[in-house]
Amino acid sequence: MEEKTIQIAGSITVDELSKALGLSVTELIGTLFKNGIVATINQRLDFETASIIIDELGLKNVRLERKNTSTRTSDFHRELSDKAVLRPPVVAVMGHVDHGKTTLLDTLLNKKTVDDEAGGITQHISAYQLNRDGRLITFLDTPGHEAFAAIRQHGAMLTDIVVIVVAADDGVKPQTIEAINFAKSANAKIIVAINKIDREGADINRTMADLSNNGLQPEEWGGDTVMVPISAKLGQNLDQLLDMILLTADIEELKADIDIPAEGLVIESHMETGKGSVVSLLVTGGELKVGEFVVAGSSYGKVRTMLDWQGKPKGKAVPSTPVTVTGFKELPNFGDRFTEVKDEKTARKMALLNAQAIANESADANVTSSDLLRMMNVADNSKTFNVIIKGDVLGSVTSVVDSLRLIDTHGEITLNIVSTGVGDINENDVYMAAGENTIIYGFNVSVPINISKMAARDNVPIRTYKIIYELLDDAKHEMENLLDAEIVEEDKGELKVLGVFRTEKTSTIAGGEVLKGDVKPNYLVRVVRNKKYLGEAEVVSVQKEKMDVKELVSGETGGLALKTEHKLDLQIGDRLQFFTRESRRRTL
């Protein structure tokens, strides 16, 4: 059966989706109703909700696609004119955490950043330029930890070539595979740097075989993937790696127009005292100059200052150049496309139109995937985990929020992001958290002493971290504390009643033969007669030959005293099933 593709820009009405699927509106509304949503023909569904409903309907030949919006990363590629000129390649360095991405860049650029990174893990996209035989190469160092998938995906979308770093003594890991998939989805050329060949246990052939099994066939084995064995630490074969990057760029004939209004992408953004908004940009077309007006999403401004990757002033930036600018009136979003406009009036108007489009898209999605999943998972019984997220740059905040949402709570806990923001934790954060059982998480930010005192007074927990997985571990632990305890029962033994000696309102004394397992004081008891459950009791004491003992085991006969809540009318032939019951803390 031929596959059907449906494009969704933000949201889609029930009527539109039913027509696209070739189903009756009644059938689609019925499926929504079964999943707890009372929908009308004009109700709007977001992309994720539509995906869930299609899965519920069992439609295997339908594929959903997000229709590009004007401000996001996926929409920035443009048709080139005949006047387009050659530009430097943009190279993303990706791979599993601790496989040596940042060390490679440090050696190439004669920098030393790895010691400055918390835990030795890159936590932002950083952009650099290197001159090789008079030709520039732009490098993007992307985070390796799994929590930074959102940043890493944007890194792939920005790039022409992806250098995937794989440690020869460790091989292909989950984030290696993720990087391969990102590179392929972005249609970027892939070069593999097999790193740490100087280490004991390094096995280049085994690593190549591992990569081959994951869709990257080495050129040496008849494939089309360039693989260069290197030692980033010792600088071994790095010239060969750079030459392969430039050769790949030559084959691809990378070009850009420069006689158009400047455009590109927002890599990072944050607030800085005395400077206001500080935004890292990658120019993809045109020439960006100081003094020009730019729009990125719902934010706009005039480029007040521009610095290159080394922090040196720069008057203009050509395609494939990373720069840091000031002058935006508000922080643009990480991954937004920026464009140059002729004046402030135009910039303000475009930013307002973008803001309205974004607001309408959010408002239009009356039913979101989180609503649907919450209903499908009977979220009436769920508990709420309230958090405020503050980070040093928007990219970090995005990754923290995305990662928190990925923690699977089996529908029992609802994550409520009270607010997010860039910059140090402030009074407003504490005000919002007070009285709402809200935890404030800070990532790479500070807590002024007066704010710390204010939070302590109002019993608002503030936790700051420099390593994202430590923050996520803390949040996961807090969510686990909200889970209801798990009641675990373990069968211990069974006894056949051979005699009943005394029956009172809350106690019974009886005797019998242990058929299996054992019987001990404090065990709980189910009373069963002809497979019918009669009630529960607790073993107070156990006797053998009229002497108190610690236990009776299979094959032995003896007596036992039972404590009951109600009078238990035991009879000869009844079965007593012994078990323990305990409350255990659950984990996610």
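**A walk through a predicted model**

Helix 11 passes helix 14 in a right-handed crossing, a term for the near helix being turned clockwise from the far one by less than a right angle. Helices here are DSSP runs of H or I of at least four residues, strands are runs of E of at least two, and both are numbered from the N terminus. The contact involves Ser399, Val400, Ser403 and Leu404 from helix 11, and Ile468, Leu471, Leu472, Ala475 and Met479 from helix 14; contact means heavy atoms within 4.5 Å. Of these residues, 7 are nonpolar, 2 are polar and none is charged. In this scheme Ala, Val, Leu, Ile, Met, Phe, Trp, Tyr, Cys and Pro are nonpolar, Asp, Glu, Lys and Arg are charged, and the others, Gly among them, are polar. The axes of helix 11 (residues 394-406) and helix 14 (residues 468-482) come within 11 Å and cross at roughly 35°. Axes are lines fitted to C-alpha atoms, for helices over the stretch in contact, with angles from 0 to 180 degrees between N-to-C directions.

A word on the source: this is a predicted model, in which local features need pLDDT of at least 70 and side-chain atom pairs count only at pLDDT 80 or more, while totals for chains, interfaces and linings use all residues. Residues are numbered from 1 along each chain as its sequence is written, and side-chain values use heavy atoms, leaving out hydrogens and water.

Next, find glutamate 556, in the loop between strand 30 (552-553) and strand 31 (557-563). The side chain of glutamate 556 makes a polar contact with that of lysine 544 at 2.8 Å. Such a contact is a pair of N or O atoms within 3.5 Å; within protein, one must be able to donate a hydrogen and the other to accept it, and residues adjacent in sequence count only if both atoms are side-chain atoms.
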